[in-house]
Amino acid sequence: MLSFILRRLVSVAVTFFVVSVVIFVMMHSIPGGPFDAGDMPLPPAVRERMMAQYGLDQPLYVQYLRYMAGVLRFDFGVPFQSPGETVVSLLASAWVPSLVLGGLGVLIGAPLGILLGMAAALRRNSWVDYLASAVATLGLTVPVFVTSMLLILVFAVWLGWLPSSGWGEPRRWILPIAAYATIPMATYARYTRSAMLDTLNRPFVTVLRAKGLSERRIVFGHVLRNSALPMVTVFLPMFIGTATGSIFVEAMFRIPGLGSYFVSSIRTRDYPTEMALMLMLTVMFCLAYLISDILYAWLNPRIRTGGRRE
Amino acid sequence: MLLNGSGLPARAGALALSIALAAPAFAETFVSAPGESTSGAYLDYMRTVYARAGFPEMIQLPLTSFDNEYELHGMAAESLEQSEDGLTWTFRLREGLVFSDGEPLTAEDYVFALQRAASTGYDFGWYWDFAGGIANWKAVAEEGADPSTLGVRAVDDLTIEVTTETPKPYLPSVVSLWYPVPKHVWDEHGDNYATNVDTIVASGAFTVESWEKSNNSMVLVRNPTYNGPWPSQVDRVEIDPTLGAPEVGLPAFMAGEVDFTPLNAGQIPFVEGRMPEAVRQNAIFATSYIAFDMDSPPFDNVDVRKALYYAVDREEMTETVLRNLAIPAGSILPPSYPGFSEEIAAQAVFDPERAREHLAAAGYPNGEGFPEVEIWYRDQGGYNGAITAPMLQYLQAEFAEHLGITMNIRVMPIQDWMNAMLNRENNLFLAPYEYDYIDPSNFYGIFYNGGRHHHHVPEYDALVAAADANPVWEERVDLYRQAEQVMIDNASIVPLVHPIQMFAVSDRLSGPSVEPNSQGMTPMSRLVPYFYAHLEVEE
């Protein structure tokens with residue numbers, strides 16, 4: 001198991017390096033720069049002076065090495081869009097609302113999705129299955145900004161029960177989290193249904209039934225556990241994905257989270273913030289997959305040995 | 001010349017004070033307003049215009065400013081005077097103006113603001129060169145000359161002297177965008193003073209209480225030390241740029257969480273039907289027009305340009321695809337803009353027969369042999385974003401139907417579009433322009449001596465130069481009219497539309513800011529110092 005984890009850690013480091021190079025090169029390949037935002041271009045002499053001030057007049061590899069040297073010290077530089085701060089302090093304050101939104105969205109949506117998927121699988125081809133499948137399909141296909149708009153219209157405008165947007169007091173969290181939870185709920189419902197159907201059709205379930213076990217013990221004691229493998233694969237990456245914030249939900253509900261920085265750092269060519277966001281995402285996704293792999297290997301030892309018997 | 005001021009008379013102030021002492025404490029009044037941009041670095045208009053955060057115009061005091069009738073008022077400037085040769089303006093500041101930290105606001109704070117702007121890459125520097133004509137601007141900004149050589153100086157604490165390269169009778173309008181930089185704070189913190197609530201000091205009617213960086217929402221409160229014109233009528237203004245998108249703003253407005261919101265085309269009929277009393281409109285001082293490279297075929301032929309000029313049915317376009325979004329444009333100047341001429345605007349008629357005659361005279365009867373052309377326009381949000389796509393599709397169909405011309409459309413980022421126009425990478429552009437200061441010279445200047453369109457027409461240049469320097473308003477306007485007539489005869493551009501903005505306004509709000517002006521318009525998005533100082537709200 002230890003060598004398995006070490007191999008995975010090496011692959012994380014390689015992925016991090018490759019991603020950092022690709023992102024850095026792509027970012028600088030896009031025409032324009034941080035001082036080209038105005039209607040009128042800056043005079044060339046002025047522009048050159050500004051580029052030199054931020055070290056952007058150096059060769060690209062020098063800029064990359066300087067930036068990465070800072071990253072190793074956990075210094076992601078100064079954001080162009082907020083020069084009085086550091087990238088770390090800027091993102092640290094924005095991460096909290098995104099974590100709350102994404103985290104609670106997944107923690108509420110995932111169990112609901114699992115229940116929905118279980119109900120659909122256990123009552124296959126019944127109205128329960130059709131209803132659960134319809135809800136899951138709607139959750140996956142209706143854009144989240146439409147869901148958000150409907151929730152605002154019903155609960156804030158028509159009924160007046162909840163604020164339409166904003167952040168801060170917990171009652172303002174309800175609608176955005178509800179809107180966001182539809183995504184993990186729908187995803188989990190689909191995964192759970194297909195995983196459970198697959199497990200329910202396997203011979204060992206027939207054997208368990210023949211042995212006289214109750215349906216409850218079969219489902220919760222055996223089927224659900226054996227169906228957990230694919231769900232483990234989905235859960236952590238989805239958690240990380242949601243923790244970085246949903247741009248649309250944050251925009252619709254005016255949440256001061258990370259989502260806006262993904263957009264504004266690209267639009268304003270804020271290279272330090274753009275790099276920091278992508279590198280943090282890369283590390284988090286790598287770690288999420290690493291943990292998933294470990295859990296996977298723990299749940300199914302054949303995986304870590306590549307299916308070979310030792 | 002003494003400028004208007006709107007400070008309360010001393011007696012009224014005393015009366016207000018006695019009422020305040022006698023009355024029980026009132027609840028704090030506040031306005032919740034949409035902002036304009038969720039990104040922006042500095043709360044300092046003189047550091048950056050295009051990357052400014054929030055409304056720095058609310059917290060610093062300009063030398064002059066416009067009211068909702070577009071009358072110019074002295075703000076920090078109490079009086080001004082132009083020298084005999086027209087090259088020097090002297091601005092006298094009001095006595096007793098102070099920053100929110102109690103330090104006096106002096107001429108040095110204004111002079112420093114422009115010196116820093118010229119020497120540190122201000123993205124609005126072109127304005128002070130093109131519109132202001134400040135002496136030595138280019139040398140300081142582009143050649144590294146000492147900022148002290150700039151044509152601005154503080155004669156004493158209350159007197160600013162501005163020297164221009166050529167006479168600028170309209171400089172008082174230009175300086176409506178001249179804000180001070182608190183030099184005593186800048187000396188300590190540098191440019192970053194304007195990124196931190198703790199170091200920002202205000203000279204205007206508001207000061208900053210809090211600032212959420214992730215979306216640039218901020219809370220501005222009445223500046224307790226402010227004693228200039230146009231004091232705030234409300235205690236707090238909560239500005240949230242995320243409410244600036246109509247899709248977010250209208251639901252929040254209907255839920256009572258924002259006091260006004262811009263409307264998009266789809267929302268206008270709904271709001272007009274459900275709450276007509278809430279609707280306000282404002283014709284922005286902006287014009288969308290077709291611009292040509294007049295040296296490049298086929299647009300080097302005046303008959304081709306005239307064919308396009310007469311082939312546009314502006315009335316039908318603004319009554320159909322641009323309904324509620326724009327009004328017809330016959331002149332580069334928008335209606336009610338100073339210097340606007342009905343006579344000039346009336347010449348832009350839809351006459352397809354005449355258009356075909358011009359095209360035939362150019363050698364392309366019914367469009368035969370006319371090359372396929374491509375019009376370039378910039379991808380943009382806001383009111384331009386709402387009108388450009390439907391307008392171009394309409395024009396594409398019009399030119400095909402009436403002239404037999406195939407016009408393709410290409411969209412590009414703003415900066416690419418501007419560079420393409422400046423570098424003449426294409427011969428046909430859809431160009432929007434919105435005023436920066438209120439004077440005809442602003443619009444005519446963009447075609448002067450090349451301008452942004454390489455528009456070199458000696459007769460036009462001579463008329464505009466004469467108008468720019470003429471101190472007599474009536475004579476100036478007449479010269480500008482003659483200049484625009486040259487443009488029309490030359491078909492230099494095809495004016496298309498003037499955009500309008502629609503808003504929904506809560507009945508909580510009152511005061512001149514939300515009442516239509518004498519033209520029936522309610523300017524809610526541009527006259528920031530006036531707008532927020534003249535908002536009243538029920539408690």
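Reader: Which strand does E9 of chain B join through 4 bridges, and in what direction do they run?
Author: This is a predicted model. Strand E9 covers residues 217-222 of chain B.

Reader: Which residue in E10(B) stands opposite Met218(B)?
Author: Across from Met218(B) stands a residue of E10(B), Ile239(B).

Reader: In what order do the 4 strands of the open sheet in chain B stand?
Author: The pairing in this sheet is mixed. Strands E1 (30-34) and E8 (206-212) each have a single partner strand, so one side of each lacks a neighbour in the sheet. From one strand to the next, the twist averages 20 degrees. The order is E1-E10-E9-E8.

Reader: What radius of gyration does chain B have, against that of a compact globule?
Author: Chain B holds 539 residues.

Reader: What share of contacts in chain B joins residues at least 24 apart?
Author: Count contacts between residues at least 6 apart in sequence. Those that join residues at least 24 apart make up 70%.

Reader: How many helices and strands does chain B have?
Author: Of the residues of chain B, 50% count as buried. Its secondary structure comes to 19 helices and 20 strands.

How values were computed
Residues are numbered from 1 along each chain as its sequence is written. Chains are lettered from A and ligands numbered from 1 in the order in which they are written. This is a predicted model: local features need pLDDT of at least 70, side-chain atom pairs count only at pLDDT 80 or more; totals for chains, interfaces and linings use all residues. Helices (H or I, at least four residues) and strands (E, at least two) are DSSP runs, numbered from the N terminus. The radius of gyration is taken over C-alpha atoms; the globule rule is 2.2 Å times the number of residues to the power 0.38. A residue is buried if 20 or more other C-beta atoms lie within 10 Å of its own, exposed if 12 or fewer, and partly exposed in between; C-beta atoms are placed from the backbone. Two residues are in contact if their C-beta atoms, placed from the backbone, lie within 7 Å. Two strands pair if DSSP finds at least two bridges between them. Axes are lines fitted to C-alpha atoms, for helices over the stretch in contact, and angles run from 0 to 180 degrees between N-to-C directions.
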